[in-house]
Amino acid sequence: MPLNMAWRRLGESPWRRLRESPWRRLRESPWLFAGPAVAAAVLFVWLPMAATFGLSFFDWSLLRQEATWRGLDHYRGTLANPDFHLALANTGLYLLALLPLQVGVPLALAFALIRIAAKAAGRLYRTALFAPSVLSFPVAAVVWLWLFNPTVGFLNTLTGAVGLPPQRWLSDPDLALWSVVAVTFWKSFGLNLLIFLAALANVPGDVVEAARIDGAGPWRRALDIELPLISPALFFAVVTTFIVVLDEIVGAVDVLTEGGPYRTSSNLLYFLYERGFRRFQFGEAAAVAVLIAAIIAGVTWAQFHFGERRVHYD
Amino acid sequence: MSRAVSRRTFTLAASTALAAPAILPRAALASDTRIDLVHLFSGAEHPIQKLIKAFNDKGTGVTVVSRQDGTTYETITQKAMSAIAAGRGPALMTTGWKLGDFAKKTLGAQDFRQIFGPERTEALLAKFRPAVRPLASIGGVPIGLPWSMSTPVLYINQALWTQAGLDPRAEPKTVEELYPMVHQLQEKTGKQGLCYEVNEWLPQAFIQNAGGNVIDADGKAVMDSAAAVRGIEAFVQPRHDNLWRVMTIPEMLAAFQAGAIGVMASSSGRQTGVRQAVKFDLRLAQMPGLAGHPRRMNSGGNFLAVYSKIKEQQDGAYKFMEFVSSKQGFEIWLATGYLNVTVNDIPVPPGNAAAYAQMDSGLTSETIWPGARGLEALTVHIDWITKIVNGAVSVPEGLRADRQAIEKLIAA
């Protein structure tokens with residue numbers, strides 16, 4: 001038998017077919033495509049989450065690699081800690097102040113900017129309003145620390161000009177949190193502005209035109225036509241802003257007040273950061289992380305459960 | 001005879017000439033022991049950069065690499081901890097006095113006697129004044145070179161001081177003398193009279209000068225004793241008298257440098273930076289004590305600790321510390337504003353006489369926060385001091401709550 005024929009026979013053997021079969025099945029399987037993404041998620045998200053959950057029951061030192069079983073002590077300790085209560089209450093205040101601001105103001109600005117006829121002026125406004133979003137907090141803080149200075153700061157010069165007493169913007173326990181709110185808003189609202197501008201630009205022109213022909217004025221068109229049509233973007237902005245406020249505010253808190261004076265401007269994530277990376281109590285920090293994850297998961301579920309029904313996806 | 005250079009010769013020579021600057025220093029460095037020095041000092045012109053360069057230029061076979069990992073002791077400690085856990089810890093690190101206990105028990109700062117031997121350790125520390133040698137020892141174990149010492153002093157805006165009609169050379173010995181002067185300055189100039197740092201360090205000076213302690217020799221929290229209460233009441237007095245508008249330390253420095261504050265109490269170690277930034281005549285005066293009590297001022301700063309467990313790097317660190325302690329090295333280092341704590345005969349730098357006089361009359365160490373939760377105890381203490389300063393709680397109540405919270409953390 002010629003050699004090439006022998007090879008062909010071998011290639012068609014049941015053994016070869018058997019060997020090929022799982023590969024072929026795997027090749028046709030969706031796991032081949034989803035595998036890398038799933039592996040990355042398992043390795044970098046689910047395993048660390050599981051490890052964090054496990055760590056929350058121990059006292060663990062990063063350097064000595066020793067772990068002592070503490071059971072639910074870290075959870076009990078955290079839930080009884082007045083600083084945690086304060087951080088939780090402050091987080092609520094930050095959300096109450098920043099959610100409407102970071103969604104409402106960019107939405108109003110987007111409606112205004114989309115109507116600017118002059119393209120150059122529109123681009124200038126968009127750039128100016130988005131610019132703070134690309135600055136890092138440490139850079140922005142240098143400017144804000146000067147503005148907030150209670151003795152030589154610009155803000156107190158302004159308040160003085162209208163006859164108000166000078167304020168201690170960052171060191172007054174009643175004001176520090178609101179100063180952080182102001183800086184975070186200034187720094188972060190630009191992203192939502194871009195999202196709303198993009199959504200408004202995609203509203204079908206013929207629908208708006210039809211409404212206009214039917215006699216709908218600018219307000220009616222904005223409220224009854226454009227707003228419902230951009231509701232998916234609005235819903236997306238609300239959900240992500242909630243998470244961004246929790247997350248991004250840590251940068252502002254750290255550079256402006258370090259959570260002070262006496263924790264009055266701290267929030268949940270900063271509380272976690274202090275436990276983990278300032279005091280090196282990793283077990284306690286892990287318990288705080290689990291509690292925060294539970295709170296975020298609960299609120300996000302509520303947002304989807306109650307908010308998504310008002311969203312028009314078509 | 002033709003002197004023309006062939007193309008091949010020219011190409012070879014040119015390539016060698018171009019490659020040499022890139023290759024030769026690397027080759028030289030490759031044979032050196034390389035040690036990272038982690039610190040918190042900013043700026044290319046900071047004396048630490050000059051000190052490192054002067055040492056490296058000596059060609060001892062050790063190359064020190066400057067690594068600024070933050071601007072506070074806590075920040076560089078956090079990063080060092082992560083680096084040590086990853087097996088890439090610093091060989092040397094400037095470690096705050098207050099973090100000494102943590103550095104030894106948690107970070108693993110090395111015992112000098114074990115890594116250098118008793119004789120070499122003694123020889124190194126003998127270059128420092130006897131009073132400062134114990135400051136970098138934890139439980140009797142020397143873990144650091146006590147090279148950076150500062151003490152709280154008054155920074156006086158001499159332009160405002162004289163404008164207010166005050167004696168240009170007046171040095172208030174007690175806060176009871178200082179506060180009326182500050183009141184006069186504020187009345188006459190319309191500027192803020194005084195500003196204190198709100199932290200754990202300056203209040204410690206007040207507590208000690210009233211006869212109390214923050215933590216006693218047995219490691220027990222005693223910051224609510226009658227003497228300590230008297231000290232903190234003297235500390236917050238200018239706040240009640242509207243002579244002191246409370247602000248953060250960066251805000252205080254910016255305002256003082258802009259000429260908006262008459263007198264600021266801060267670390268003598270800030271002197272170089274403040275002096276470079278101000279446009280008015282600046283005078284430093286000793287920190288006043290409290291009437292009727294002996295002066296008992298505290299010190300602060302950092303020590304140089306060895307964290308490397310590699311013998312070669314430990315020996316390299318020793319060579320660097322020998323240079324730092326020498327007259328040549330310390331003359332460079334004193335440009336920071338830190339005090340000359342060595343036995344080297346170096347003239348007092350201009351403008352620093354007050355801090356030296358304060359050191360000569362004796363300084364105590366900065367409070368070292370004991371236990372595995374010492375860093376947390378420090379933060380809690382600062383929080384209670386801040387509450388007291390802001391009037392959220394009375395001095396006795398605040399210090400009592402402070403002591404109770406600290407006791408729990410020390411015992412944990």
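Predicted model: local features only at pLDDT ≥ 70, side-chain atom pairs only at ≥ 80, totals over all residues.
A residue is called buried if 20 or more other C-beta atoms lie within 10 Å of its own, and by that rule buried residues make up 50% of the 412 residues in chain B.

**Chain B as a whole**

- The secondary structure of chain B comes to 17 helices and 13 strands, and its C-alpha trace spans about 95 × 50 × 35 Å along the principal axes.
- If one takes the contacts in chain B between residues at least 6 apart in sequence, 75% of them join residues that are at least 24 apart.

**The two domains of chain B**

- The domain assignment of chain B gives domain 1, made of residues 24-149 + 300-352, and domain 2, made of residues 152-298 + 369-411.
- The centres of domain 1 and domain 2 of chain B, taken over C-alpha atoms, are separated by 29 Å.
- Where the two domains of chain B meet, 12 residues of domain 1 are in contact with 15 residues of domain 2.
- On the side of domain 1 of chain B that touches domain 2, helix H4 and strand S12 (300-306) each supply at least two residues, and the residues of this side divide into four nonpolar, six polar and two charged.

**Where chain B touches chain A**

- The contact between the chains takes 28 residues from chain B and 21 residues from chain A.
- Four helices of chain B give two or more residues to the side that touches chain A, namely H3 (73-85), H4 (100-107), H11 (249-257) and H16 (374-389).
- Sorted by class, this side of chain B has 14 nonpolar, seven polar and seven charged residues.

**Domains and helix packing in chain A**

- Chain A is divided into domain 1 (3-55) and domain 2 (73-310), and the C-alpha centres of these two domains of chain A lie 44 Å apart.
- Helix H5 (residues 82-113) and helix H13 (residues 268-278) of chain A pack at an angle of about 145 degrees, and their axes are 8 Å apart.
- In this packing, A:Asp83, A:Phe84, A:Ala87, A:Leu88 and A:Thr91 of H5 meet A:Leu268, A:Tyr270 and A:Phe271 of H13, so that, by class, the contact has six nonpolar, one polar and one charged residues.

**Backbone details in two loops**

- The loop between helix H12 (231-256) and H13 of chain A holds A:Pro261, and a cis peptide bond with omega of about -5 degrees joins A:Gly260 to A:Pro261.
- A:Arg263 also lies in the loop between H12 and H13 of chain A, and its phi is near 70 degrees, a positive value in a residue other than glycine.
- A:Arg263 counts as buried because 25 other C-beta atoms lie within 10 Å, and the cut-off for buried is 20 or more.
- In chain B, the loop between helix H10 (226-240) and H11 is the place of B:Asn242, whose phi is near 60 degrees, again a positive value in a residue other than glycine.
- B:Asn242 counts as exposed because it has 11 C-beta neighbours inside 10 Å, and the cut-off for exposed is 12 or fewer.

Key: Residues numbered from 1 in each chain as written. Chains lettered and ligands numbered in written order. Contact = placed C-beta atoms within 7 Å. Domains from an automatic or database assignment. Axes fitted to C-alpha atoms, helices over the stretch in contact; angles between N-to-C directions.
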